[in-house]
Amino acid sequence: MADYYTTIEAFRKSLEKSTEFRPRTGVILGSGLSKIADSLSGTAIDYSQIQGMPRPTVEGHRGFLKISRDYALLAGRFHYYEGHAIQDVVKPVLLLKALGVERLIVTNAAGGINPDFEPGQIVLIRDHINLMGANPLVGPNNGDLGPRFPDMSDAYSRALRKRISARLEYPLKEGVYAGLSGPCYETPAEIRMLEKIGADMVGMSTVPEVIMANYLGMGTVGFSCITNMAAGILDQPLNHQEVIDTAARVETHFRGIVETVMELLASE
Ligand SMILES: O=P(O)(O)O[C@H]1O[C@H](CO)[C@@H](O)[C@H]1O
Ligand SMILES: Nc1nc2[nH]cnc2c(=O)[nH]1
């Protein structure tokens, strides 16, 4: 495994110079959701100011940290398909760990497989299926950071999901997220297979981040914004512009949910 301990220490040192905030809650924002960070107060730190942090290359991922007393928001993540090593894909989580974050909210844009879902809907992630063909924990293990064989049976904290559902005005549907490497969207045959193996939505991120957060002992919850129905569900082609546009359309609604969850976690 990459020397994650060294990476975390390097981030800690780099951030010491730019902020004194040490929030307990971290948020990773998905495609087209960066605007959520603009509307919240705090200090903005561009990834270019943080030593060792890569730059996002995908439209809709801008590349800055917004930090305040209560939360650290990361507007911009790294995907395996961008050509990053899987060890770099998880750097947002390592950065949050360096800040002392204990609880993580991950968000993403995803294609809906479950026919009960519709574009614009926000779904609480119940579990995931790792079909990336990679795992960030492969390699020698540093037992000071986490176990060799991490348990993944509660990777999306059941207790937190329960509290979130109780707090929100209306319950969110839950679903299983299948994480594939991308960058091409799926074929209709692949989507039929994913449906059969129990996936409700599909995307190209989140899974490595949640594996790392779980390994590092962070309580994690995740939200998918269903930006499109997955390939073959509707008779229409897919494109990233639609993903960005749908995420923008529901941004205010999604922000309300993320803010409520941030308040809930901060009050505990
Ligand atoms: O998962 P996020 O980063 O939200 O983005 C999703 O949207 C992009 C494809 O349109 C892919 O990057 C996919 O993973
Ligand atoms: N893999 C995948 N990622 C997405 N991100 C947003 N929509 C999709 C989709 O349909 N498939």
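Predicted model: local features only at pLDDT ≥ 70, side-chain atom pairs only at ≥ 80, totals over all residues.
Good morning, colleagues. I begin with the positions that come from a database record. Under the name "binding site", in an unreviewed entry, UniProt lists Ser 31, His 61, Arg 77, Phe 78, His 79, Ala 109 and Ser 205.

His 79 sits in the loop that joins strand E4, residues 71-75, to helix H3, residues 86-89. Is His 79 buried or exposed? It is buried, because 22 other C-beta atoms lie within 10 Å, and the threshold for that label is 20 or more. Leaving out residues up to four places away in sequence, His 79 touches Val 58, Val 89, Gly 182, Met 204 and Ser 205.

Ala 109, by contrast, belongs to a strand, E5, which covers residues 103-112. Ala 109 is also buried, with 24 other C-beta atoms within 10 Å. Its contacts, again not counting residues up to four places away in sequence, include Gly 30, Ser 31, Gly 32 and Gly 203. Cys 225, Thr 227, Val 243 and Ala 247 are among them as well.

The same record gives "binding site" (unreviewed entry) for Glu 186 and Asn 228. Although these positions span 43 residues in sequence, no two of their C-alpha atoms are more than 12.4 Å apart, so they gather at one spot.

Glu 186 is placed in the loop between strand E7, residues 174-180, and helix H6, residues 188-196. With 20 C-beta neighbours inside 10 Å, Glu 186 counts as buried. Beyond residues up to four places away in sequence, Glu 186 touches Leu 180, Ile 191, Val 202, Ala 230 and Ala 231. Asn 228 lies in strand E9 and counts as buried too, having 23 C-beta neighbours inside 10 Å. Setting aside its neighbours within four places in sequence, Asn 228 is in contact with Gly 111, Pro 119, Leu 238, Glu 242, Val 243 and Thr 246.

I turn now to the ligands. Around ligand 1 there are 13 residues, of which Gly 30, Ser 31, Asn 108, Met 204 and Ser 205 come nearest. The elements that contribute two or more residues to this shell are E5 and helix H8, residues 240-249. By class, the shell around ligand 1 holds 4 nonpolar, 8 polar and 1 charged residues.

Ligand 2 has 15 residues around it, and the nearest are Ala 109, Gly 111, Val 202, Gly 203 and Ala 230. Two or more residues come from each of E5, strand E8 (201-203) and strand E9 (219-229). Which element gives the most to the shell around ligand 2? That element is E5, with 3 residues. The shell around ligand 2 divides into 9 nonpolar, 5 polar and 1 charged residues.

The peptide bond from Gly 182 to Pro 183 is cis, with omega near 5°, and Pro 183 is found in the loop between E7 and H6. Thr 206, although not a glycine, has a positive phi of about 65°. Thr 206 stands in the loop between E8 and helix H7, residues 207-215, and is buried, with 25 other C-beta atoms within 10 Å.

Helix H1, residues 4-16, has 13 residues, which at 1.5 Å a residue should span 18 Å; the end C-alpha atoms are 18 Å apart, in agreement. Its buried residues are Tyr 4, Ile 8, Phe 11 and Leu 15. Viewed down the axis of H1, these fall within an arc of 60°, so they line one face of the helix. They pack against helix H4, residues 91-99. On the other side of H1, Thr 6, Lys 13 and Glu 16 are exposed.

Helix H9, residues 251-266, can be treated likewise. Its 16 residues should span 22 Å at 1.5 Å a residue, and its end C-alpha atoms are 22 Å apart, which agrees. Phe 254, Ile 257, Val 258, Val 261, Met 262 and Leu 265 are buried in H9. Seen down the axis of H9, the buried residues fall within an arc of 135°, so they too line one face of their helix.

Thank you for your attention.

Note on methods:
Residues numbered from 1 in each chain as written. Chains lettered and ligands numbered in written order. UniProt positions renumbered as here; feature names shortened; annotations may be inferred. Helix = DSSP H or I, 4+ residues; strand = E, 2+ residues; numbered from the N terminus. Buried ≥ 20, exposed ≤ 12 C-beta atoms within 10 Å, placed from the backbone. Contact = placed C-beta atoms within 7 Å. Near = placed C-beta within 6 Å. Nonpolar A, V, L, I, M, F, W, Y, C, P; charged D, E, K, R; others polar. Expected span 1.5 Å × (residues − 1). Arc of directions from axis to C-beta.
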